[in-house]
Amino acid sequence: MKKIKKIQMIFASVMTIALILFLIFAPGSIIKNVNRNIYREWREIENPDRACIITVWHIVKFKAPEGSITVLLDEIASGIEKENFGIYFEVLGMDENEYRERLTSGDSCDIISFPMGLIYSDELLSLETSLTETLKSPLKNIGMDGDLRALPYMYSYYQLILNEDALAKKNLILDDIDFLNDDLNGKNLGNFSGNPIIGALLGIKSEILPSDAFFSNASAALLSDARMSFDAMHQYENGKGSLTGAYDISDYTDLVQLLGIEKNIANEKMQYAENFIRRLLDKKAQKKISEMQAFSVLSGGDIGEIAGKTIANSPIVPNAFLYKHEIAALIEYAKKTTLDSASGSTEFKEQIGKILGNDEILLSNLLKRLK
């Protein structure tokens, strides 16, 4: 019995020492492997001579009213993979904060899907201008900065979203208001919240509250992208929130998603990146975008456009890279304009003119409600 106990004690001592050594030396190994991409390693081992992985980042600021653009991008990538042995795509959806965190940590991608105003043109390769041939006329040059740096592939629109439960208590008849043309001041809509640029374009002369004010019932009128109205309506249908109505207010939009190729992409990836762009701009992919209740960028009416909206064919859209340079000032002047500042109004008009190429006819129509 004593011999067995002695063996047990020796075993316990050995195990204790082994555990201590593990705790001392293991953390480095664990940390080293935390960020391993096993899927990528498996692919590289599977095809060591031909494996080529193309990374696509999809940065989301606004969403299509229904459906998922990330899923569409993944479907396009899968189609190219099936036709090209050893070619693989990684499609990663993220918001702007995650995008900046990835850049800070040294990550990079090969293809980038980004909202207007996120990046500068010198971060991207020049593209073939022939790729713009099928685009709607107002969209052909928005990715130009001396040469073509990015292509728009879908856009959405702004709406005025109203809490109709709250406004009904004021006996307000909304059918009497022409939201596309009327001066909305004095219409008894209460406080406005949301996008100050849209507020300035509508000629609103009161502080535009943050979007959260609408959801806390501090505002009954929200200036926001169409996805917000779809979400609010779905919530109401599921027994949550208030009855809302959504009204078109302008043909101006900066809700544009573009696609570009990062300037440091490896040469062997270029043909697949260009193929990815072409497929995203073909009728099959663009029809799916229309089915998500967003707008296709293709000219012609054979892909199921949303009926009854002039923005479908004639959007008023800024140049993507001028917009990046000017957006901070534009927001500042928009806020001053809604607070009825004469200097703010002048500066806002000049700023909006810059990003729209100072097209006088376009500007006179767009700024008709701005006093």
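Predicted model: local features only at pLDDT ≥ 70, side-chain atom pairs only at ≥ 80, totals over all residues.

Colleague: What is the mean pLDDT of the protein chain?

Modeller: The mean is 85, and 83% of the residues reach 70 or more.

Colleague: And where does pLDDT stay under 50?

Modeller: Over residues 38–48. For that stretch the model has 14 contacts beyond four places in sequence.

Colleague: OK, helices. At what angle do α11 and α12 cross?

Modeller: Roughly 155°, with the axes of α11 (residues 320–338) and α12 (residues 342–355) coming within 8 Å. Because of that angle, α11 is roughly antiparallel to α12. The crossing is left-handed.

Colleague: Which residues meet there?

Modeller: From α11, L322, Y323, E326, A329, L330, Y333, A334, K336 and T337. They meet S343, G344, S345, E347, F348, Q351, I352, K354 and I355 of α12. By class, the contact of α11 with α12 has nine nonpolar, five polar and four charged residues.

Colleague: Switching to α3. How does α3 run relative to α10, parallel or antiparallel?

Modeller: The axes of α3 (residues 69–83) and α10 (residues 283–291) cross at roughly 165° and come within 11 Å. That angle is over 145°, so α3 is roughly antiparallel to α10. The crossing of α3 with α10 is right-handed.

Colleague: Which residues make the contact?

Modeller: I69, L72, E75 and I76 on the α3 side, and A285, K288 and I289 on the α10 side. Five of the residues in this contact are nonpolar, none is polar and two are charged.

Colleague: What about α3 and α9, what is the angle there?

Modeller: Roughly 130°, and the axes of α3 and α9 (residues 270–280) come within 10 Å. At that angle α3 and α9 are therefore oblique to each other. Their crossing is right-handed.

Colleague: And which residues are involved in that one?

Modeller: α3 contributes L72, L73, I76, A77, G79, I80 and E83, while α9 contributes Y272, N275, F276, R279 and L280. The contact of α3 with α9 has eight nonpolar, two polar and two charged residues. L72 and I76 are in the contact with α9, and L72 and I76 are also in the contact with α10.

Colleague: Last topic, helix ends. What caps the N-terminal end of α4?

Modeller: D95 does, for the helix spanning residues 96–104. A side-chain oxygen of D95 lies 3.2 Å from the backbone nitrogen of N97.

Colleague: Which residue with positive phi follows α4?

Modeller: G106, with phi near 95°.

Methods
Residues numbered from 1 in each chain as written. Heavy atoms only, no water. Axes fitted to C-alpha atoms, helices over the stretch in contact; angles between N-to-C directions. Helix = DSSP H or I, 4+ residues; strand = E, 2+ residues; numbered from the N terminus. Parallel < 35°, antiparallel > 145°, perpendicular 65-115°, else oblique. Left-handed = near helix turned anticlockwise from the far one by under 90°. Contact = heavy atoms within 4.5 Å. Nonpolar A, V, L, I, M, F, W, Y, C, P; charged D, E, K, R; others polar. Polar contact = N/O pair within 3.5 Å; in protein donor to acceptor, adjacent residues only side chain to side chain. pLDDT = per-residue confidence, 0-100.
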